[in-house]
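Work through the exercises below with the sequence and the model at hand. Each task is followed by its solution.

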Amino acid sequence: MIKGEETNSESELQIMVLTCLYMSYSYMGNEISYPLKPFLIEENRGYFWDRCLFIINKMSNSMLRINSEPAYFTQIFTELKSFGMTNINLVPEPA
């Protein structure tokens with residue numbers, strides 16, 4: 001599945017997002033422990049770990065920068081919040 005930055009299907013996107021979520025949760029610190037099983041939807045665990053290494057190799061500099069530069073953290077956090085939140089109404093309107 002690791003060919004580059006493009007995904008070919010919805011299931012590949014789901015697999016990549018679950019891998020990123022697992023890594024994000026794991027990155028939070030060793031006091032927070034998440035089991036691997038809910039994030040694996042493929043039978044071959046090797047593919048999962050290959051994706052983890054791909055993401056680490058591609059994003060480790062940015063991840064370190066997020067920790068060391070508060071302004072960069074704020075920029076990234078603001079960008080993430082802007083995706084999908086404009087049309088989501090989390091609190092139902094009264095009837």
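A pocket is an open set of points on a 1 Å grid over the protein atoms alone, with protein on both sides within 12 Å along at least five of seven lines, and its lining residues have an atom within 4 Å of a point. A volume is the space filled by probe spheres set on the points. The model is predicted: local features need pLDDT of at least 70, side-chain atom pairs count only at pLDDT 80 or more, and totals for linings use all residues. Residues are numbered from 1 along each chain, and side-chain values use heavy atoms, without hydrogens and water.

**Exercise 1.** Describe the second largest pocket by volume and lining.

Step 1. The volume of this second largest pocket is about 180 Å³.
Step 2. Its lining includes Tyr 22, Trp 49, Cys 52 and Met 63.
Step 3. H1 and helix H2 (45-68) each give at least two lining residues; helices are DSSP runs of H or I, at least four residues. H2 has the largest share, six residues.
Step 4. By class, eight lining residues are nonpolar, two polar and none charged.

**Exercise 2.** Is Val 17 buried, partly exposed or exposed?

Step 1. Val 17 lies in helix H1 (residues 10-27).
Step 2. Buried means under 20% relative accessible area, exposed over 50%, and partly exposed in between (1.4 Å probe, protein chains only).
Step 3. Val 17 has 43% relative accessibility, so it is partly exposed.

Technical notes
1 Å grid on protein atoms, 1.4 Å probe; cavity = no way out; pocket = protein on both sides within 12 Å on 5 of 7 lines; lining within 4 Å. Nonpolar A, V, L, I, M, F, W, Y, C, P; charged D, E, K, R; others polar.
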